[in-house]
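Trainee: I would like to learn how to read a structure that is new to me, one feature at a time. Could you take me through it slowly, giving the general idea before each case?

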Amino acid sequence: MIAALRIGLALTGSFCTFARVIQEVQKLTDAGHEVTPILSFAARDTDTRFGKAEDFSRQLEEITGRTPITTLTEAEPIGAKGLFDVLVVAPCTGSTLGRLANGISETPVTLAVKSHLRRNRPVVLAVSTNDALGASLRNIAYLKNAKNIYFVPLSQDDPVSKPNSLVADFTRIDDTITAALAGTQIQPLFL
């Protein structure tokens, strides 16, 4: 990966993947990148069986040295100020895919993406949703053809019990960022 990138790393509510995403955030900061966390309202406020929201937020702040962006007012100037070289949404839920595909920017994450795209900079989506091969498939297809949107390679996480579910290979975030900065979708997309 290219050295010394300014990376916006946005988390949405696929709570079961937070531990894996935090590992990747650690790798990105260890590699010398400036990572700024951005939390959706759900990621900021929801305690689940996977952990407390406050604990995840604190852990991200400790790893990155930056207070997470958690409000619309904090997210709005991202594009105007050119804060990031690349914006990564990991995990990217089905709800977030739907908002992005339909231009709805009512959360800190979706407003961050909208604001970042105004400068024609790459957005990397690491999908994690139980309906990726169902209702969310049309949004994935639409965004796959959108300018400056790139996907982290993904696969079915449990084809027997959850046949419509897809989860990104979070360990490929750095490779996907490198490809996205070169204007290329990393392949294969589906593992």
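Mentor: Let us begin with two terms: helices and strands are DSSP runs numbered from the N terminus, a helix having at least four residues, and a pocket is an open set of grid points with protein on both sides, whose lining residues have an atom within 4 Å of a point. Please keep in mind throughout that this is a predicted model.

Trainee: Which helix gives the largest share of the lining of the largest pocket?

Mentor: That helix is α7, which contributes 4 residues to the lining. At least two lining residues come from each of α6, α7 and α8, where α7 covers residues 108-117.

Trainee: What is the volume of the largest pocket, and which residues lie nearest its centre?

Mentor: Its volume is about 190 Å³, and among the 15 residues that line the largest pocket, Leu 100, Gly 103, Val 113, Leu 117 and Leu 143 lie nearest the centre. Sorted by class, the lining is made up of 9 nonpolar, 3 polar and 3 charged residues.

Trainee: How should I describe the way two helices pack?

Mentor: In general, a packed pair is described by the angle between the two axes and by the distance between them. Take α6 (residues 94-101) and α8 (residues 137-144), whose axes come within 9 Å and cross at roughly 50°. That angle makes α6 oblique to α8, and the crossing of the two is left-handed.

Trainee: Which residues of α6 and α8 meet?

Mentor: From α6 come Leu 97, Gly 98, Leu 100 and Ala 101, and they meet Asn 139, Ile 140, Tyr 142 and Leu 143 of α8. The classes in this contact of α6 with α8 are 6 nonpolar and 2 polar residues, with no charged ones.

Trainee: How do α6 and α7 cross?

Mentor: The axes of α6 and α7 come within 10 Å and cross at roughly 40°, an angle that makes α6 oblique to α7. Here α6 passes α7 in a right-handed crossing, and Thr 96, Arg 99 and Leu 100 of α6 meet Val 109, Thr 110 and Val 113 of α7. This contact of α6 with α7 holds 3 nonpolar, 2 polar and 1 charged residues.

Trainee: What is the angle between α1 and α3?

Mentor: Helix α1 (residues 18-30) packs against helix α3 (residues 53-64) at an angle of about 15°, and their axes are 9 Å apart. The two helices are therefore roughly parallel to each other, the term used for angles under 35 degrees, and α1 passes α3 in a right-handed crossing. Phe 18, Ile 22, Val 25, Gln 26 and Thr 29 of α1 meet Phe 56, Gln 59, Leu 60, Ile 63 and Thr 64 of α3; by class, that contact has 6 nonpolar, 4 polar and no charged residues.

Trainee: Where is Asn 120 found, and what is its phi?

Mentor: Asn 120 is found in the loop between α7 and β4, and its phi is near 55°, a positive value in a residue other than glycine.

Notes. Residues numbered from 1 in each chain as written. Predicted model: local features only at pLDDT ≥ 70, side-chain atom pairs only at ≥ 80, totals over all residues. Heavy atoms only, no water. Axes fitted to C-alpha atoms, helices over the stretch in contact; angles between N-to-C directions. Parallel < 35°, antiparallel > 145°, perpendicular 65-115°, else oblique. Left-handed = near helix turned anticlockwise from the far one by under 90°. Contact = heavy atoms within 4.5 Å. Nonpolar A, V, L, I, M, F, W, Y, C, P; charged D, E, K, R; others polar. 1 Å grid on protein atoms, 1.4 Å probe; cavity = no way out; pocket = protein on both sides within 12 Å on 5 of 7 lines; lining within 4 Å. Points joined across faces, edges and corners; volume = space filled by probe spheres on them.
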